[in-house]
Amino acid sequence: MKRISLTQYLVEEQRLHHSIPAELRLLIEVVGRACKTISHSVGKGALGEVLGALESENVQGEVQKKLDVISNEILLEANEWGGHLAAMASEEMEDIHPIPNRYPKGEYLLVFDPLDGSSNIDVNVSIGTIFSVLKAPEGMVEPTEKDFLQPGAKQVAAGYAVYGPQTLLVLTTGNGVNCFTLDREMGSWVLTQRNMQIPAKTKEFAINASNQRHWHAPVQRYIGELLAGTTGPRGTDFNMRWIASMVADVHRILNRGGIFMYPADLRDPSKPGRLRLMYEANPMAFIVEQAGGMATDGKRRILDIQPEKLHQRVPVFLGSRDEVALVTSYHQE
Ligand SMILES: O=P(O)(O)OC[C@H]1O[C@](O)(COP(=O)(O)O)[C@@H](O)[C@@H]1O
Ligand SMILES: [Mg+2]
Ligand SMILES: [Mg+2]
């Protein structure tokens with residue numbers, strides 16, 4: 001098999017297909033390098049003293065794990081001097097992070113969840129990094145939060161890394177979805193899956209069922225029908241998986257189909273669901289659509305939502321098209 005590296009793939013996209021500008025290619029390479037460094041820290045575990053929690057909380061009021069903070073710092077540092085960005089924003093930081101004046105600046109904005117699946121860090125289950133790239137608005141002088149508040153449809157690139165049995169990088173620049181595997185000996189990302197496609201039909205679903213008593217009626221109905229299996233209206237059995245790392249759940253769905261749900265529920269109305277629009281739902285929705293799947297908040301296409309604030313939460317239904325369309329239709333009845 002001819003080995004194609006991430007750099008070669010991106011150069012091909014840039015030169016042959018003109019689908020990405022050189023600046024964006026270089027930015028993606030910097031993010032890819034940062035993910036390699038994070039992978040290295042994750043892999044050290046107790047030997048690198050990277051496990052466990054800190055005393056601090058992030059803007060979401062969640063206790064920060066050491067690796068949440070380490071990964072955030074790796075991404076900030078790698079991208080600060082790259083010269084391709086105007087500013088960054090992260091799950092772990094309340095405010096945006098403009099590129100300091102001592103570094104060259106570029107025209108892109110980078111948004112990330114530095115470490116996704118924090119509850120799995122200390123138990124050696126797959127975790128990851130999710131990122132999204134936006135273009136800074138025309139005429140922007142000093143970046144502000146408002147410049148980031150663009151619908152997901154405006155993303156120019158999105159991806160995630162999974163730190164699991166293998167370290168993977170899944171990427172879209174709006175021209176399909178490709179997967180790269182980290183060759184740990186060579187230290188390079190190698191293209192291992194081209195043009196990933198999510199099957200439209202599935203018999204597998206992912207939801208945190210411990211929240212069932214709080215769900216709204218359309219989700220109760222949909223899940224009730226799946227659980228009824230051959231004895232219910234669907235006339236077939238469904239299987240359930242829940243890793244509690246969105247990256248790992250989405251990666252499974254990208255490979256063999258399935259529907260992933262994190263709905264809003266009857267609890268705190270100020271928290272519609274758990275996942276964050278800008279750095280979890282939008283990049284994953286972009287990837288899923290590029291792989292032929294569908295992503296909604298139950299009512300609307302996620303990529304059409306106009307963000308109102310950086311750390312906004314949204315309900316998420318994404319994956320195999322037929323199932324996402326069905327649960328979305330239940331919300332419209
Ligand atoms: O604790 P729950 O309800 O299983 O939630 C799991 C979800 O929370 C998340 O871990 C949130 O991400 P963070 O770890 O980045 O906060 C998702 O990856 C995952 O799908
Ligand atoms: Mg997350
Ligand atoms: Mg996180």
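**Close-up 1. Strands β7 and β8 side by side in this predicted model.** Strand β7 covers residues 157-163 and strand β8 covers residues 167-172; the two run antiparallel and are joined by six bridges. To find your place, look for A161, which stands opposite L169 in β8. As a reminder, strands of a sheet pair through backbone hydrogen bonds, either parallel or antiparallel.

**Close-up 2. The open sheet of eight strands.** Stepping back from that pair, you can follow the order β4-β3-β5-β6-β7-β8-β9-β10, where the pairing is mixed. At the edges sit β4 (97-98) and β10 (188-193), each of which pairs on one side only.

**Close-up 3. Helix α3 lying across strands.** Helix α3 is made of residues 66-80 and lies across β3 (85-90), β4, β5 (108-116) and β6 (127-135). Its direction makes an angle of about 155° with β5.

**Close-up 4. Helix α5 and its buried face.** V219, Y222, I223 and L226 are buried in α5. Seen down the helix axis, the buried residues fall within an arc of 90°, so they line one face of α5. An α-helix has 3.6 residues a turn, so residues three or four places apart point the same way. The buried residues of α5 pack against β11 (204-206) and α8 (321-332). Just after the helix comes G229, with a positive phi of about 55°.

Key. Residues numbered from 1 in each chain as written. Chains lettered and ligands numbered in written order. Predicted model: local features only at pLDDT ≥ 70, side-chain atom pairs only at ≥ 80, totals over all residues. Buried ≥ 20, exposed ≤ 12 C-beta atoms within 10 Å, placed from the backbone. Helix = DSSP H or I, 4+ residues; strand = E, 2+ residues; numbered from the N terminus. Arc of directions from axis to C-beta. Contact = placed C-beta atoms within 7 Å. Pairing = 2+ DSSP bridges. Axes fitted to C-alpha atoms, helices over the stretch in contact; angles between N-to-C directions.
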